[in-house]
Amino acid sequence: MTQLALVIDLNVCVGCHACVTSCKQWNTSGSAGALADLEPYGADPNGTFFNRVQTFEVGQFPHTQTVHFPKSCLHCEDPPCVPVCPTGASYKRAEDGIVLVDYDKCIGCKYCSWACPYGAREFDEQRKVMTKCTLCVDRVTSTTLPKAERKPACVLACPANARLFGDVHDPESVVSRAIAERGGYQLMPEWGTRPANHYLPRRKTEIRVHAEDLTRVDNPLKLDGQQPEHPHHTPGREDFAT
Amino acid sequence: MKPAFSVIFLTTLLGAAQGLFLTLFATEVSALGQLSRADSQRLLVVGSLVALLLSGLGLLASFFHLGRPERAWRSAAMWRTSWLSREVIALPLFMLCVSGYGAAHLLGSGGTVLMGSVAVLVCLALFVCTAMIYASVRFLQEWASPLTLVNYLLLGCASGLTLATLLAALLGLATLVTPYALAATLLTALACLTRGASLLRNARLKPKSTLQSALGIKHPKIVQKAQGFMGGSFNTREFFHARTAALLRSVKWAFLLLVFPLPLLCLAIGVAASSTALLVLAFALQYTGLLAERWFFFAQANHPQNLYYQTIS
């Protein structure tokens with residue numbers, strides 16, 4: 001069975017918010033209607049977004065890391081928001097595992113949002129229904145878009161390629177390989193919701209700098225006597241390279 | 001969570017209506033107070049009408065919670081999985097049963113005990129549905145406890161009995177006032193114990209989710225630097241009460257006083273001095289206290305999604 005999902009690489013996300021704006025652009029222009037913003041130019045603007053990038057500082061100064069953390073609906077394999085819906089407006093598609101809201105059936109009781117531990121659902125104050133990330137279902141199932149563009153808008157927008165899209169149930173897919181090879185994990189595993197979206201952890205990036213690399217790269221005979229550098233007469237790293 | 005007044009009114013009004021109905025039926029079955037036929041009929045008809053009125057007001061309040069009230073009829077569809085859907089079925093059913101029960105007494109037709117028994121079952125089912133809407137959300141640990149169900153049941157019965165005491169006094173049924181007041185005292189005391197237990201439990205709760213599990217980063221020190229936007233969103237509107245801890249504490253002590261000792265004091269003096277005004281005050285205080293109690297019930301619940309929305313920037 002197919003389970004479409006995103007895999008988000010925290011190691012390369014630079015926090016540019018391109019996925020946020022492209023998501024908003026695509027979904028606000030879609031057939032389901034605009035994602036309402038309340039008083040966008042007022043003193044207290046309020047808006048509906050399916051995707052956000054948050055920033056966290058991990059560690060104690062000076063040993064800190066800045067982690068940019070994109071968050072959207074995780075399309076859980078056992079979505080707690082679906083069974084609580086009194087009308088059946090909230091559902092998980094059998095064919096590709098996308099969790100969706102039928103905007104024509106939703107009564108706007110907001111109960112599903114209480115039942116989502118991730119805060120993935122957003123009530124649209126203009127349409128008065130619950131909305132959420134659709135994994136750009138209209139893009140990924142499109143038959144008119146070019147093949148390369150049948151991906152969520154956020155994935156196409158990411159300049160760092162931090163967002164991978166694919167079927168996490170297919171062990172050969174790009175996303176499954178990334179999860180397996182790079183320790184992909186799920187958020188809040190303690191609730192047993194089994195999110196389909198995974199995150200790839202930060203990796204330690206090391207650059208080895210040898211002292212001689214800083215002074216001279218190619219000087220096999222150690223004959224460079226020009227100032228201010230002194231000629232090296234002891235064997236250097238390149239003497240052992242082969 | 002941000003307290004939703006529509007739901008606060010719905011649950012408190014329903015609780016009082018259900019408690020009142022249970023009291024009426026218990027009175028009929030046990031032949032409490034040795035009422036004359038006419039008196040009994042008067043009490044049961046008027047009482048059913050009041051219970052119906054309260055639950056109708058509750059139903060009305062619930063519509064204000066919906067973004068699309070015109071589609072409310074759809075919400076009976078998913079009764080197999082959703083407690084909310086089950087409540088949507090149980091509430092009109094309860095109102096129907098109470099109407100039937102009251103009408104049967106009004107018309108003097110037989111079978112009232114059978115009708116009442118069915119209504120009692122529906123009434124108890126409604127208590128379960130209402131409470132389980134909250135108790136079944138496992139992410140809200142303050143709610144996810146059997147105590148939630150017990151509290152809804154006992155607080156509903158307590159307020160219903162206080163109202164029944166007032167009703168008996170207004171209808172001039174002196175033989176019922178004292179036993180009702182005693183029962184109200186007992187139920188209020190019991191509810192005080194269980195609500196106190198849930199307050200103690202919630203004070204000792206350890207959140208299951210942490211910033212570490214929310215991000216999947218296992219470092220003890222993580223600080224949010226930006227939530228991704230400067231304005232508001234549904235996440236900041238719906239899940240934060242935006243009140244100070246001091247206000248929450250005040251509301252807690254206010255409801256502990258208003259729901260439990262003060263109405264009991266008014267009941268005791270009211271019954272001893274045969275003062276209807278004090279009985280009115282008893283119910284008014286307890287109902288106001290229950291509004292505060294339900295407000296606190298919401299405000300105290302801490303949703304795990306709040307972990308993601310700690311710092312604007």
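1. A residue is counted as buried if 20 or more other C-beta atoms lie within 10 Å of its own, as exposed if 12 or fewer do, and as partly exposed in between. By that criterion Thr288(B) is partly exposed, because 17 other C-beta atoms lie within 10 Å. Thr288(B) belongs to helix H11 of chain B, which covers residues 276–300. Between the C-alpha atoms of Thr288(B) and Ser250(B), which are 38 residues apart along the chain, the separation is 14 Å.

2. On confidence, please keep in mind throughout that this is a predicted model. For the complex, the predictor reports an ipTM of 0.93 together with a pTM of 0.91. Chain B has a mean pLDDT of 96, and 100% of its residues reach 70 or more.

3. The overall form of chain A deserves a comment of its own. Chain A contains six helices and 11 strands. Its radius of gyration is 24 Å, well over the 18 Å that the globule rule gives for 242 residues, so chain A is more spread out than a compact globule. Of the 242 residues in chain A, 41% are buried. Among contacts in chain A between residues at least 6 apart in sequence, 56% join residues at least 24 apart.

4. One open sheet lies within chain A, where three strands follow the order S10-S1-S11 with mixed pairing. Strand S10 (163–167) and strand S11 (198–200) of chain A are at the edges, each with a single partner strand, so one side of each is left without a neighbour in the sheet. On average, and with direction ignored, neighbouring strands of this sheet are turned by 25° against each other. Helix H5 of chain A (residues 174–181) packs on the sheet and touches S1, S10 and S11 of chain A, while its direction makes about 115° with that of S10(A).

5. S1(A) and S10(A) pair in the antiparallel sense over five bridges, whereas three bridges join strand S1 of chain A (residues 4–9) to S11(A) in a parallel arrangement. As for burial, S10(A) is mostly covered, with four of its five residues buried.

6. A further open sheet crosses between the chains, for its three strands come in the order S5(A)-S4(A)-S1(B), with antiparallel pairing. Its edge strands are S5 of chain A and S1 of chain B, each of which pairs on one side only. The twist from one strand to the next averages 30°.

7. Within this sheet, strand S4 of chain A (residues 51–60) and strand S5 of chain A (residues 63–72) run antiparallel and are joined by 10 bridges. S4(A) and S5(A) form a hairpin, with two residues between them, and Asn51(A) has Ser72(A) as its bridge partner in S5(A). Helix H1 of chain A (residues 18–28) lies across S4 and S5 of chain A, running at about 165° to S4(A).

8. Strand pairing also joins the two chains directly. S4(A) is linked by four bridges to strand S1 of chain B (residues 222–226), and the two run antiparallel; here Val58(A) stands opposite Ile222(B). Strand S3 of chain A (residues 46–47) pairs with S2(B) in the parallel sense over two bridges, with Gly47(A) opposite Ser233(B).

9. Lastly, the interface as a whole takes 49 residues from chain A and 45 residues from chain B. On the side of chain B that touches chain A, the elements giving two or more residues are helix H3 (83–107), helix H7 (211–215), S1, strand S2 (232–233) and helix H8 (234–238) of chain B. S1(B) gives the most to that side, with five residues. By class, the side of chain B that touches chain A has 20 nonpolar, 18 polar and seven charged residues.

Notes:
Residues numbered from 1 in each chain as written. Chains lettered and ligands numbered in written order. Predicted model: local features only at pLDDT ≥ 70, side-chain atom pairs only at ≥ 80, totals over all residues. pLDDT = per-residue confidence, 0-100. Pairing = 2+ DSSP bridges. Axes fitted to C-alpha atoms, helices over the stretch in contact; angles between N-to-C directions. Contact = placed C-beta atoms within 7 Å. Rg over C-alpha atoms; globule rule 2.2 N^0.38 Å. Nonpolar A, V, L, I, M, F, W, Y, C, P; charged D, E, K, R; others polar.
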